[in-house]
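Me: I would like to learn how to read the features of a protein model one by one, with the general idea set out before each case. Could we go through one together?

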Amino acid sequence: MFFPSYNGRVQTADVIVAGGGIIGLSAALELARHGARVRVLEKGRAMSEASWAAAGMLAANDPDLAELAEFAALSGRMYPEYLRTIEQLSGRSVPLRTRATLHSGGEIHRGDTASCHALSAQEAEQRIPGLATRERSFWWMEEASLDPRDLCAALPLAASAAGVDLQQTTEVLAVASRGNSVEITTQYETVSAGAFVNCCGAWAGNVAYPELSQPPASTVEPRKGQMLAVRLPAPLDLAYVLRTPEIYLVPRGRGHIVIGATVERAGFDRRVEPSALERLRSLAAEIWPPIAGAPVVDSWSGLRPGTRDALPLIGSAGQPHCWMATGHFRNGILLAPATGLIVRQLLEGETPAVELANFAPGR
C-alpha cells in the first residue's frame with residue numbers, strides 16, 4: 001500500500017526513487033506498472049554511470065555468486081519478460097548478444113546440469129577455436145549477455161511511458177520521515193512522498209538521514225572498474241562469453257569484444273590507466289591467444305556500488321517509509337528485474353520473493 005502525502009507546501013508522489021540507474025529505474029517501472037505515482041530523482045543523466053559502464057553478462061551461474069544464487073536465478077527467469085516490457089514501452093530493441101558462456105576455473109556450486117555442465121578441453125576448443133586449454137577445466141553455461149548501452153537507451157523511455165516522472169540533474173541531499181510520509185530535500189526544493197527508495201549506487205552514502213547517526217547507506221563505497229573493447233576480423237569473432245575468475249571477454253557484435261575488468265578501491269577516481277588496460281589484455285590473451293593483436297577501439301571506467309561483503313543492501317533504510325536497494329556491486333544488470341519486484345513487494349507489505357536476510361541493510 002502506498003501513502004501519498006499532501007501538506008500544501010511541497011510537491012507530492014506516492015514513491016520517490018533516488019537514482020536513475022538500472023536499479024532505480026527498474027524499481028520505478030515495476031511500481032508504476034502496479035499503480036504507484038513514481039518520481040525518479042537522478043543527480044546527473046539517467047543510466048550514465050555503472051549501468052552504462054557494465055559488461056552486460058547475465059551470469060546467474062557464476063561460481064562467485066553462491067550467496068546470490070536464489071536471487072540471481074529469480075532475476076534470470078524474469079529477464080525475458082523484463083526485456084519484452086521495456087521494448088514494448090520504449091519502442092527500442094534490447095537484443096541478447098550471446099546465449100552461452102564458457103567458464104574456466106573456480107568451484108562450480110550449482111547443481112543445475114540442464115544449464116551448467118562440464119566440458120572436456122577438446123569440447124571447449126571446438127566451441128572457441130584457439131582456446132588455451134592446458135591444465136584448465138571448463139564449464140558450459142546457458143547464460144545470456146546483452147549490451148547495457150541498449151538498455152541505457154531504452155529503459156528511461158520505458159519508465160517514462162509507464163508514467164514515471166524522471167527528473168535528471170536533481171540530486172537528493174537529505175531525507176526525513178514526517179508521520180506517514182517522507183520529505184526529500186534536493187538542491188532545488190523539498191518534495192514529499194509516501195515512501196522513499198535510495199537507489200543511488202556508489203553515491204548512496206551521500207544522502208543524509210538526519211534522524212540516523214549511521215545510516216546503512218554510509219557503508220556503500222565506489223569500486224572502480226576499468227575496461228576496454230577490441231575489434232576482431234570476422235574469422236576470429238567470438239560467439240560466446242568467455243570467463244575466468246580473473247577476466248571476461250564479452251562479444252558485442254560486429255567483431256567488438258569487451259574485456260574486463262579491474263576491481264579497485266580508488267574512491268571516485270575515474271581515470272583510465274594504460275597499465276591496467278594492458279594487464280587486462282594480457283590476461284585475455286592467456287585464455288584466448290587470438291585476441292592478443294586485436295586493436296583497441298574504446299576504453300572506459302565505471303564506479304560500482306560495493307559493500308563490505310559484496311552483497312546488495314535491500315530493505316529498510318532505518319527510518320519510517322525509507323528503503324534501500326543498492327550495493328549490487330558487479331551484478332546490477334543481472335539483478336535488476338528481481339530487485340524491482342522485491343522493492344515493490346516491500347513497499348506493498350508483501351513477502352519478498354527471495355529471503356533477504358543476507359541483504360539486510362545494517363547487517
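**Reading the model feature by feature**

Reply: Let us start with Arg 254, which counts as exposed because its relative accessibility is 66%. Please keep in mind throughout that this is a predicted model.

Me: What is the phi of Arg 254, and where is this residue found?

Reply: Although Arg 254 is not a glycine, its phi is positive, at about 60 degrees, and the residue is found in the loop between strand E15 (248-253) and E16. Thr 169 is another residue other than glycine with a positive phi, here near 50 degrees, and it is found in the loop between E8 and strand E9 (172-178). With a relative accessible area of 46%, Thr 169 is partly exposed, because exposed requires a value over 50%.

Me: Which residues does the cis peptide bond join?

Reply: The cis bond joins Gly 260 and Ala 261, with omega at about -10 degrees, and Ala 261 lies in the loop between strand E16 (256-260) and helix H6 (274-287).

Me: Where does the kink in helix H5 lie?

Reply: The kink, of about 30 degrees, lies at Ala 154, shortly before the proline Pro 156. H5 is followed by Gly 163, whose phi is positive, near 105 degrees.

Me: How many aromatic pairs does a search of the whole structure find?

Reply: The search finds five. In one of them, the rings of Trp 52 and Trp 300 have centres 6.3 Å apart and planes at 65 degrees, so the pair is edge-to-face. Trp 52 lies in helix H2 (residues 50-53) and Trp 300 in strand E17 (residues 296-306), so this pair ties together parts that are 248 residues apart in sequence. Trp 52 counts as partly exposed, at 30% relative accessibility, whereas Trp 300, at 5%, counts as buried. Phe 71 and Phe 359 form a tilted pair, with 5.4 Å from centre to centre and 45 degrees between the planes. Because Phe 71 lies in helix H3 (residues 69-90) and Phe 359 in the segment after helix H7 (332-347), this pair ties together parts that are 288 residues apart in sequence. Phe 71 and Phe 359 are both buried.

Me: Which residues lie over the faces of Trp 203 and Trp 140?

Reply: Lys 43 lies over the face of Trp 203, at 4.2 Å from the ring centre, while Arg 127 lies over the face of Trp 140, at 4.5 Å from the ring centre.

Me: In what order do the six strands of the open sheet stand?

Reply: The order is E8-E2-E1-E12-E19-E18, with mixed pairing. Strand E8 (165-167) and strand E18 (313-316) stand at the edges with a single partner strand each, so one side of each is left without a neighbour in the sheet. Neighbouring strands of this sheet are turned by 15 degrees against each other on average, direction ignored. E8 runs parallel to strand E2 (residues 38-41), to which three bridges join it, and Val 40 stands opposite Leu 166 in E8.

Me: Are the faces of strand E4 covered or uncovered?

Reply: In a regular strand, side chains alternate between the two faces of the sheet. In E4 (residues 101-104) both faces are covered, with Thr 101 and His 103 buried on one side and Leu 102 and Ser 104 buried on the other. E4 pairs with strand E6 (residues 138-141) in the antiparallel sense over four bridges, and with strand E14 (residues 241-243) in the parallel sense over three bridges. Ser 104 stands opposite Phe 138 in E6, and the bridge partner of Thr 101 in E14 is Val 241.

Technical notes
Residues numbered from 1 in each chain as written. Predicted model: local features only at pLDDT ≥ 70, side-chain atom pairs only at ≥ 80, totals over all residues. Heavy atoms only, no water. Bend = angle between axes of the 7 residues up to and from the residue. Helix = DSSP H or I, 4+ residues; strand = E, 2+ residues; numbered from the N terminus. Phe/Tyr/Trp six-rings, centres within 6.5 Å; stacked < 30°, edge-to-face > 60°. Buried < 20%, exposed > 50% of the residue type's maximum accessible area, 1.4 Å probe, protein only. Lys NZ or Arg CZ within 6 Å of the ring centre and 35° of its normal. Pairing = 2+ DSSP bridges. Axes fitted to C-alpha atoms, helices over the stretch in contact; angles between N-to-C directions.
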